[in-house]
Amino acid sequence: ANSSTDVKSVIRSPPTTSRSLNGSDSTDDIHGGATDISTEVSTDVIERNREVLQVITTTMDNLAVVQNKGGKSADAEVLFRKALKITERLLGVEHPEVYPKIQNLAEVLRGQGNYDEAESWFRRALDIVERTFGLAHEDTVQTVMDLAEVLEMR
């Protein structure tokens, strides 16, 4: 099979029922019934389609931002989690490009009032950004401020 067919078949696979964070069953109809790409795509497909998958995760992030701004934070959270999971598989969990994905997820969780989980994600983001850019970098400073805000809200 050619590599573009492999990616398309994963993205367009039928809806799946999954257990949400709150324990309820829900049908994943985001992206027209896409299954969890991060667990469905084989390592071989990932290697052959790395650039395409990076574009997909960027698109997922952008859509999630729009959904969050439109008041659909639960849908945004799902997309941010999927984009993060795919990016981690593509680049590794400590890669600097994972940082903005983590930051986005933490921000939506903070907006939902899920301060404990947001704190955990902000701490992970801080670890990556501090190690990558140092203490004086603007992203490190912003992440420290975000973490402080979550701690204050708790």
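Buried means under 20% relative accessible area, exposed means over 50%, and partly exposed lies in between. The legends below use these words for residues of a predicted model.

**Figure 1. Arg81 and Glu117 form a salt bridge.** The closest N and O atoms of Arg81 and Glu117 are 2.6 Å apart. This pair links distant parts of the chain, with Arg81 in helix α5 (residues 73-91) and Glu117 in helix α7 (residues 115-133), 36 residues apart. Arg81 has 21% relative accessibility, so Arg81 counts as partly exposed. Glu117 also counts as partly exposed, because its relative accessibility is 22%. A search of the whole structure finds 11 salt bridges.

**Figure 2. Arg124 and Glu88 form a salt bridge.** In this pair the closest N and O atoms are 2.6 Å apart. Is Glu88 buried or exposed? Glu88 counts as buried, because its relative accessibility is 18%, below the cut-off of 20%. Arg124, at 23%, counts as partly exposed.

**Figure 3. Arg154 and Glu119 form a salt bridge.** The closest N and O atoms of Arg154 and Glu119 are 2.0 Å apart. Arg154 sits in the segment after α8 (138-153) and Glu119 in helix α7; the two are 35 residues apart, and the pair links distant parts of the chain. Arg154 counts as exposed, with a relative accessibility of 51%, whereas Glu119 counts as buried at 12%.

**Figure 4. Helices α4 and α5 are in contact.** Two packed helices are described by the angle between their axes and the distance between the axes. The axes of helix α4 (residues 50-69) and α5 come within 8 Å and cross at roughly 160°. Angles over 145 degrees count as roughly antiparallel, and α4 and α5 are therefore roughly antiparallel to each other. The crossing of α4 past α5 is left-handed. Residues of α4 that make the contact include Leu53, Met60, Leu63 and Val65. On α5, the contact residues include Leu79, Phe80, Ile86 and Leu90. By class, the contact of α4 with α5 has 12 nonpolar, six polar and four charged residues.

Definitions and conventions: Residues are numbered from 1 along each chain as its sequence is written. This is a predicted model: local features need pLDDT of at least 70, side-chain atom pairs count only at pLDDT 80 or more; totals for chains, interfaces and linings use all residues. Side-chain values use heavy atoms; hydrogens and water are left out. A salt bridge is a side-chain nitrogen of Lys or Arg within 4 Å of a carboxyl oxygen of Asp or Glu. Helices (H or I, at least four residues) and strands (E, at least two) are DSSP runs, numbered from the N terminus. Buried means under 20% relative accessible area, exposed over 50%, partly exposed in between (1.4 Å probe, protein chains only). Axes are lines fitted to C-alpha atoms, for helices over the stretch in contact, and angles run from 0 to 180 degrees between N-to-C directions. Angles under 35 degrees count as roughly parallel, over 145 as roughly antiparallel, 65 to 115 as roughly perpendicular and the rest as oblique. A crossing is left-handed if the near helix is turned anticlockwise from the far one by less than a right angle, and right-handed if clockwise. Contact means heavy atoms within 4.5 Å. Ala, Val, Leu, Ile, Met, Phe, Trp, Tyr, Cys and Pro count as nonpolar, Asp, Glu, Lys and Arg as charged, and the others, Gly among them, as polar.
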